[in-house]
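My entries follow the order in which I looked things up.

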Amino acid sequence: MALNDLATLVVGSGNYLTAPVGTPMPDDLLVPTSPWEPVGHTSLEDVFGITSEGGEATTIGSLQNKTLRTKYSARTETMALTLQQFDKAALKLYFGANAPTLPDGTIGVPADPQPTQAAFLAVFVDGENHFGFYAPKAEIYRADDMAIADTESLAGLPLGVKPMVYGNNTWTYAVTPLGGTVATGATAGTPGSFTPDGSVAPANLAALATVTASPLTAWTSGQYVALGDDSNAYWTGSAWASGTAPGSGA
């Protein structure tokens with residue numbers, strides 16, 4: 001793996017958002033639009049974490065080979081953050097989606113709390129770069145007991161976010177390769193490259209729609225650019241097409 005100084009991460013700021021289950025990840029992580037909404041203020045010290053359960057390896061052998069195969073149990077993961085906002089929406093994330101609003105305006109703590117189900121997005125910013133976690137479906141609920149330790153710092157509500165399989169997906173959540181620059185140009189090659197330097201490859205053929213090819217004439221045999229979904233694309237002279245330029249045999 002080549003060294004990439006631009007792909008290191010020191011979090012300078014961030015945000016956590018929710019939206020109705022199944023909401024696609026926003027095109028611009030830095031300017032997410034409705035229905036994405038921030039969950040509120042979160043801890044500056046306990047920024048984010050992921051814990052996991054399962055994933056244990058079991059070695060399966062035969063009489064002839066004691067370590068023939070390895071089988072792994074299913075793994076579930078939980079993202080952790082600490083909410084520091086105590087309005088109704090935030091309290092329901094912690095105490096349960098079915099927490100009722102009582103006649104006097106207080107929030108009742110349910111005896112049988114239900115997690116909030118929502119799409120979840122975490123975005124971290126490092127200068128010109130950004131990094132994100134996206135789950136089209138997740139359960140959000142209290143991750144730990146609440147404790148108010150002193151009068152000098154903001155009190156917090158520890159939340160756990162459990163990504164879940166959505167629809168026909170074979171994955172529960174996605175992470176974005178570090179990069180804050182969107183490609184605006186693609187230069188022919190084998191493979192070609194994107195401009196400006198260090199920009200992130202478009203996710204798929206559809207995402208190439210806003211990228212300008214160079215040259216604008218049809219790319220020659222075998223030329224292509226590699227996309228984020230591991231497919232290739234080339235410029236026909238009038239549009240982007242999947243694969244490599246004709247004549248390569250690919």
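I am working with a predicted model, where local features need pLDDT of at least 70, side-chain atom pairs count only at pLDDT 80 or more, and totals for chains, interfaces and linings use all residues. Residues are numbered from 1 along each chain as its sequence is written, and side-chain values use heavy atoms, with hydrogens and water left out.

**Domains.** I looked up the division of the chain first. There is a domain 1 (13-176) and a domain 2 (185-242). These bounds come from an automatic or database domain assignment. Their centres, taken over C-alpha atoms, are separated by 35 Å.

**Cores.** Next I wanted the nonpolar cores, meaning sets of buried Ala, Val, Leu, Ile, Met, Phe, Trp, Tyr and Cys residues joined through side-chain atoms within 4.5 Å. Buried is under 20% relative accessible area, exposed is over 50%, and partly exposed is in between (1.4 Å probe, protein chains only). Which members of the largest nonpolar core touch the most other members? They are Tyr16, Leu83, Phe120, Phe133, Leu159 and Val161, out of 25 residues. At least two residues of this core come from each of strand 6, helix 1 (88-95), strand 7 (116-126), strand 8 (129-142) and strand 9 (157-163). I note that helices (H or I, at least four residues) and strands (E, at least two) are DSSP runs, numbered from the N terminus. A second, separate core has 15 residues, among them Trp219, Val225, Tyr234 and Trp235. In soluble globular proteins, nonpolar side chains tend to be buried together.

**Helix 1.** I listed its buried residues: Ala90, Leu91, Leu93, Tyr94 and Phe95. They pack against strand 6, strand 7, strand 8 and strand 9.

**Strand 6.** I then checked two of the residues around here. For contacts I use heavy atoms within 4.5 Å. Threonine 82 sits in strand 6 (residues 75-83). Threonine 82 counts as buried because its relative accessibility is 15%. Beyond four places in sequence, threonine 82 touches His41, Thr42, Ser43, Asp46, Gly156, Leu157 and Pro158. With the same exclusion of residues up to four places away, leucine 83 has contacts that include Val39, Gly40, Ala90, Leu93, Ala155 and Leu159.

**Tryptophan 36.** I found tryptophan 36 in the loop between strand 1 and strand 2. Is it buried or exposed? Tryptophan 36 is buried, because its relative accessible area is 6%. Setting aside residues up to four places away in sequence, its contacts include Leu17, Thr18, Pro24, Met25, Phe120 and Tyr134. Tryptophan 36 and threonine 18 lie 18 residues apart in sequence, with 5.5 Å from C-alpha to C-alpha.

**Cis peptide bonds.** I logged the bond from serine 34 to proline 35 as cis, with omega near 15°. Proline 35 belongs to the loop between strand 1 (13-19) and strand 2 (37-38). Threonine 190 and proline 191 are also joined by a cis peptide bond, with omega about 10°. Proline 191 is in the loop between strand 11 (185-187) and strand 12 (193-195).

**Phenylalanine 48.** This residue is in the loop between strand 2 and strand 3 (49-54). At 23% relative accessibility, phenylalanine 48 is partly exposed. Outside four places in sequence, phenylalanine 48 contacts Tyr16, Met79, Ala80, Ala122, Phe124 and Phe133. Leucine 81 is 33 residues from phenylalanine 48 in sequence, yet 5.0 Å away, C-alpha to C-alpha.

**Glycine 55.** I placed glycine 55 in the loop between strand 3 and strand 4 (57-60). Glycine 55 is buried, with a relative accessible area of 16%. Apart from residues up to four places away, glycine 55 touches Tyr72, Ser73, Ala74 and Arg75.

**Aspartate 230.** What is the phi of aspartate 230? Aspartate 230 has a phi near 70°, a positive value in a residue other than glycine. Aspartate 230 lies in the loop between strand 14 (225-226) and strand 15 (232-235). With a relative accessible area of 74%, aspartate 230 is exposed.

Last, I looked at the second largest pocket, by class of lining residue. Its lining has 8 nonpolar, 5 polar and 4 charged residues. Here Ala, Val, Leu, Ile, Met, Phe, Trp, Tyr, Cys and Pro count as nonpolar, Asp, Glu, Lys and Arg as charged, and the others, Gly among them, as polar.
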